[in-house]
Structure formats: structure tokens, C-alpha cells
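Here is a note to read alongside the structure, written point by point for someone new to such models. Please keep the 3D view open while you go through it.

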Amino acid sequence: MVKLKLTRPDDWHLHLRQGSLMSSVVEMTARQMGRAVVMPNLSPPIRTVGESLKYRSEIIASLPKQSSFNPLMTLYLTDQTTKQDIIDASQNEHVYAVKLYPAGATTNSDDGVTALSSLYSTIEQMQKEEMPLLIHGEVTHAEVDVFDREKVFIETILDPLLKRFPELKVVLEHITTKEAVDFVTDASQDIAATITAHHLLANRNHMFLGGIKPHYYCLPVLKRRAPHQESLIKAATSGNPRFFLGTDSAPHDRLHKESACGCAGVFSAHAAIELYAEAFDKANKIERLEGFASHYGADFYGLDRNKDTIMLEKKSWQVPDIFEFSGAEVVPFFSGEDLSWRLVS
Ligand code: DOR
Ligand code: ZN
């Protein structure tokens, strides 16, 4: 049996939600990951250190007893976020970053930013405190084609922002395009990107093959195989430490996805590391998985790498069709399909 031992990975972009759904999904991540950067797009969003600590204690309370999983908290940037909010965040040991959602870009983003220019003093404080800005990089103007929203964001928002704040630490989250890969690769400043397993393993054809497939719908939306998916695979498996693991696993009730106005999000926490192993193995680069999954994110955030390890074995298994959580049915990524690597428990 082929086995692969890895430093325990971390998930640098995760949605845990709240209440009973959170209690159901958090254990799946905690089984695999040492830490996860927890997204603040709850309803209402997590805007202050106080709200963030309360949310963190709810997460900790729903973990299995012996778990040493560490949720790394983030604040949701709004038009009202102040310099003082950033100072408070940087003085707190549990808050690691601030998340920028352009208003209307995705799930629970109504309280997101409408004009970055009104937040310059807040962002300046982030630059000073070396507090990373995590970015959902899409413009929201109705006239911009949905498939071009990341590219246009990079050209019209991100590039000018980095010119104004050349020392701002930035993670461009869940990148989906060749333009994003090239931008991060060529950037001179402290900018990195997370890449999801679903953007490595699927492209926009999967969303339409044989009919519309709502469980492949996420934001930023899946792009073409060539050049976009191929660029992501190349970047993730390149050994470039500016690209690292962030699942963007986002559980939604099946009824909200299989609907006339289906919501965006792919749930991948049930098999996160196995899905990435599948993608790296397909690219004949399984030896590069450990850097991407377990080293580069911690290095970027200035944290120690995890000390313990996990073991994967190459043994085919079938992903469940559906998870029946209390109060929600969630269809996972790779539902009913085979994966070739499995975490040895
Ligand atoms: O597909 C997505 N789902 N993209 C996001 O940016 C948010 C996420 C969610 O919270 O459901
Ligand atoms: Zn997300």
C-alpha cells in the first residue's frame, strides 16, 4: 500500500457557519487540519474583536473533547470599520486577518465594502500592523461578465490598492484565473493566494455537463479548463510558497442550492486533504502536496508549522452521496464519486 506522511495541514480559508450546522461540519475539518482561518460572513457578520471571540468560543465548544484544532479568527471589513478596530484586532491573539467582501459579491456580503477609498486610513493601519487583508477578488458591476469579474477586480481595484499600500500583506482568496496566478507570481510585495480543491479538480464544463449542476456553483465561478484551471494546477503544484491551501468549504442546505435561485458554495471539508491529493497526484506532483498544504500558509502568516503529522494511503473509496446533518442536508463535492487517497484515521 502506498502511503504518504505529511506535516498536519491547515485550511487557510474555511466557512463554518453557526449553530447545529457548525457543530456538524467543524469536526470534519478538525480531523484533518491543525488550524483554519474562519470566515466572518455570518448573518449578521463578525465585525469586532468581541463578536469574533464569542464566535470562537462557540466553535471551540462544539469540538470533540480532545481536539487541539485552533480556529484563527477574522473580522469582516465594512464601510464603518475603523483604525481602532484594526488596533484592537492586532492586539488580540486570536484574530489573524480582516476579510474584504465587495458588497454584493457573494453569500452574506450585503454588509461588505461599497467604496474602498473611504477606508484608506483603516487599511493604512492594517499595513502598519502587518495585519493581512484577505480579499474576495471580484467586481460586482452588473455590466461586467460573471466570468471576467476576477480579472477586472485585479486590474481596477487590486493593482491600484497595492500601489497605494506597497507594504500591505494580502491574500487573494480562492483564485480562479490565469490572470490571478500571473499577478501573484509577478507581484513584488507580500501577496499570496489560496486555491480551492474544487477549482483544481473542476472547470465550468462540470457545471453544465448533461444539465445544470447547482452543486458545482460557487463564487468566483468555475472557469475554463484552458488556460484557467490548468494555470491553477500549475501554480499549486509549482512549489511556489505564495500559493497555498484554502478550501473555501461552504456548507449550504441542498434545498437552497437546488432552487430557482441557487446559492453559491461547494462543501469539501469532508475530504479536503484527499481532494487535494487527488489533484496533485493527477498532475504527477504528489511530492509537492506537503509544501502547499502544510508549510507555505503558516510561513506566510508568520506562524510555526504544525508539529504533528497525518498519514494518507492510496486506497480508493467512495464519497457519500449526501450528509444528513441536524437541520440540513448537504451534498458534498465528489458526491458518490471515487477518490484515490484516504486519510488513515
Ligand atoms: O462559493 C462561495 N461560497 N463563495 C464565497 O465567496 C462564499 C461562500 C459561502 O459563504 O457560501
Ligand atoms: Zn469563502
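1. Pro44 lies in the loop between β3 (35-38) and α2 (49-61), where helices (H or I, at least four residues) and strands (E, at least two) are DSSP runs numbered from the N terminus. The peptide bond that leads from Ser43 into Pro44 is cis, with omega near 0°.

2. A word on conventions: residues are numbered from 1 along each chain as its sequence is written, while chains are lettered from A and ligands numbered from 1 in the order in which they are written. The model is predicted, local features need pLDDT of at least 70, side-chain atom pairs count only at pLDDT 80 or more, totals for chains, interfaces and linings use all residues, and side-chain values use heavy atoms, with hydrogens and water left out.

3. A cis peptide bond also joins Leu219 and Pro220, with omega about -10°, and Pro220 is placed in the loop between α8 (204-208) and α9 (225-236). In the loop between β9 (243-245) and α10, Asp248 has a phi near 55°, which is a positive value in a residue other than glycine.

4. Which residues are closest to ligand 1? The ligand is surrounded by 14 residues, and the closest are Arg17, Asn41, Thr106, Leu219 and His252; a residue is near a molecule if one of its heavy atoms lies within 4 Å of it. The shell divides into four nonpolar, eight polar and two charged residues.

5. Polar side-chain atoms of this shell approach oxygen atoms of ligand 1: the distance is 2.7 Å for Arg17, 2.9 Å for Asn41 and 2.7 Å for His252. A polar contact here is a pair of N or O atoms within 3.5 Å. Taken alone, ligand 1 exposes 290 Å², of which the protein buries 99%, with accessible areas taken from the Shrake-Rupley method with a 1.4 Å probe.

6. Turning to the aromatic rings, the structure holds 13 aromatic pairs, counted when ring centres of Phe, Tyr and Trp (its six-membered ring) lie within 6.5 Å, with planes under 30 degrees apart called stacked, over 60 edge-to-face and the rest tilted. One of them is the edge-to-face pair of Phe267 and Phe323, whose centres are 6.3 Å apart and whose planes make an angle of 80°. This pair links distant parts of the chain, 56 residues apart, since Phe267 belongs to the loop between α10 (254-257) and α11 (272-282) and Phe323 to strand β11 (residues 323-325).

Conventions. A polar contact is a pair of N or O atoms within 3.5 Å; within protein, one must be able to donate a hydrogen and the other to accept it, and residues adjacent in sequence count only if both atoms are side-chain atoms. Ala, Val, Leu, Ile, Met, Phe, Trp, Tyr, Cys and Pro count as nonpolar, Asp, Glu, Lys and Arg as charged, and the others, Gly among them, as polar.
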